[in-house]
Every structure is written in structure tokens, then in C-alpha cells.
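Let's take a walk through this model together. Have the sequence and the 3D view open side by side, and follow along.

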Amino acid sequence: MPRPPRAKSPATSSPAAKARRGAAPPPSDAAAPLKPRKAKRRMPPGKGATKLSGRLSADEVDAFFAALSEANPEPKGELNYVNAYTLLVAVVLSAQATDAGVNRATKDLFATVDTPQKMVALGLAGLIKHVRTIGLFNTKAKNVIALSEMLIAKHGGAVPHDRAALEELPGVGRKTANVVLNIAFGEPTMAVDTHVFRISNRTGLAQGKTPLAVEEKLMKAIPAKWALHAHHWLILHGRYMCLARKPNCPACVVREICKFPAKTTVF
Ligand code: SF4
């Protein structure tokens, strides 16, 4: 007996439907278990969305960042911190949480606890009282205490200006290290979070199936003059303009450059 033809889901098969979905968010690294992870992360099959758009030329990449720069000359991250150590702690706490939620939790904490030594003295139970409103707070709090102990034991209580040393800290992956290197030490690094991953694939800036692949392409594509602020421009653009489900293309300053084939016409 002949088999009936397999039904094809219209919601997942058409190029337009794929384009509308945009790129899927990469997994976060800051809630990782205490041991540093070495495995290469890869997007789930079918969610890489690397063929959504054409690629931007070098001139278009330059124009893309020129437009973002003109709209926001001095972009800033939205996590509150008082020094490199509290920046590191805030970024570790921010995985799968909003910056506003982390800021609410750390407001009182950072007023009195701003060094690894003070954090260790506060202890796990004391830290949990501050951060229990943040998702995955148990794991994150354990990581913060453990990384504080390691900073004291191996780095004299200072945050190391060194990628390998940062990534050795519990709960700190490549993305968190990139944020710290960029904000605390002024390095032109590119932390690929869910927004940067989506925008890069969607617009044609840099397409790849993993955060690392996108990061490497962005680092090659972005002119040096834009490299220091590029991370913040892309995050803020993704957070407030190029939204995952419905980008605000009519109001977007790079709409003439962006290659996304499913730009919105009304918002
Ligand atoms: S035009 Fe639309 S899809 Fe392209 S970057 Fe702007 S908001 Fe995003």
C-alpha cells in the first residue's frame, strides 16, 4: 500500500517563515556549572538561520556603524557596577535575566560589597538574600562566591586583564570575559549575546551558526574605528529596535543598508 505523502508544516518550511523567525538566541554562559566548559557550542539544527540575508560589503558595514554612531555617539551598557569586580559579578548574574532585574538586586549589595574579600565574608547565604529574585540564583551565587575565592587566591583580589584567566573563573565563559575586557579594560572585543547573534545573522553583518563563528566574523568585518563601541551599539539596537519577533524597521537608522528580507513596513 503506497504511503501517503508526509505533510509539510507551512509554519516552518517557507523561506519567509524562516526569515520572520529571525535567528535563535545563543545559550548563555554565565549560569554554567562550576567547572569551566570547553565544549564548542553550536546552535540546534535548523535554528542557525545563516542564509537569511545577503552579506554586507565592507562599505556597507562602515555605513551601518556610522549610522548607529550618529544616532548614539556614546553607547553605554545598562548593568550597574562600581568597579571591575562588581562589573564581573553583575555580568555573571545577568545570564537569562534582565539588566533591570540584576540592577535591582545589586543596588544594596554593591553599596557595601565591592571586593572579592567582602563577598567571601558575606558568604553564600548572605549573597542569596540579595540575588534570590534573579533566575538561577543558586548556581549564580555559588559561582560568584567561588570566583571571588579564586580571584583572592590567584590574582590578589584583582580582576585579571587576561582572557584565559577570566575564562578560568567559575561561571565565566567567553561572552562574560568579552564584556569585562571591553568595558573594564577598553579592549575592542565582541560579546555575542542573543541580540548580537540575531542582528548579525539578520542584517548580513556576520552570519554563523554559533556565537563564536559570529564573533570571529564580526571582529574581521568591523572597522577598527567602530570596534570599541560596536558591542554596545548592536546590543542596544537589538534590545530596542531590531526586536526578535517584530523589528521596528520603519524607524531603523540602518534600514537602507540591512539585508533582512522580511523587514516590517508598519510597527
Ligand atoms: S531594518 Fe529592520 S531588520 Fe534591519 S536592522 Fe533595522 S530593525 Fe532590524
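A residue is taken as near a molecule or strand if its C-beta atom, placed from the backbone, lies within 6 Å of it. Start at the ligand, then: of the 13 residues around it, C242, P247, C249, C252 and C258 come nearest. By class, that shell holds eight nonpolar, two polar and three charged residues. (Ala, Val, Leu, Ile, Met, Phe, Trp, Tyr, Cys and Pro count as nonpolar, Asp, Glu, Lys and Arg as charged, and the others, Gly among them, as polar.)

A quick word on ground rules. This is a predicted model, where local features need pLDDT of at least 70 and side-chain atom pairs count only at pLDDT 80 or more, while totals for chains, interfaces and linings use all residues. Numbering runs from 1 along each chain as its sequence is written.

Now zoom out. The protein chain has 12 helices and zero strands; both are DSSP runs numbered from the N terminus, with H or I over at least four residues for helices and E over at least two for strands. Of its 267 residues, 40% count as buried, meaning that 20 or more other C-beta atoms lie within 10 Å of a residue's own; 12 or fewer makes it exposed, anything in between partly exposed, and C-beta atoms are placed from the backbone. Call two residues in contact if their C-beta atoms, placed from the backbone, lie within 7 Å. Among contacts in the protein chain with a separation of 6 or more, 66% join residues 24 or more positions apart.

Next, the inside. A nonpolar core is a set of buried Ala, Val, Leu, Ile, Met, Phe, Trp, Tyr and Cys residues joined through C-beta atoms within 7 Å. The largest one has 62 residues, of which F64, L88, L93, V144, V180 and L205 touch the most other members. Its largest share, eight residues, comes from helix α4 (residues 84–93). Set aside neighbours within four places in sequence, and L93 is in contact with V102, T106, V131, I134 and K140. In the loop between α4 and α5 (99–112) you'll find Q96, a residue other than glycine with a positive phi, near 55°. Q96 counts as partly exposed because it has 14 C-beta neighbours inside 10 Å.

How do α6 (residues 116–131) and α7 (residues 137–155) pack? Their axes are 9 Å apart, at an angle of about 180° (axes are lines fitted to C-alpha atoms, for helices over the stretch in contact, and angles run from 0 to 180 degrees between N-to-C directions). The two helices are therefore roughly antiparallel to each other, the label for angles over 145 degrees; under 35 is roughly parallel, 65 to 115 roughly perpendicular and the rest oblique. Their contact has 13 nonpolar, two polar and three charged residues. The loop between α6 and α7 holds L136, with a positive phi near 60°.

Finally, look at helix α10 (residues 194–203): eight of its 10 residues are buried, so it is largely enclosed by the rest of the structure. Those buried residues pack against α11 (211–221) and α12 (224–240). G204 follows α10, with a positive phi near 95°. In the loop between α9 (174–183) and α10 sits A191, which is buried, with 25 other C-beta atoms within 10 Å. The C-alpha atoms of A191 and N178 are separated by 5.1 Å, though the two are 13 residues apart along the chain.
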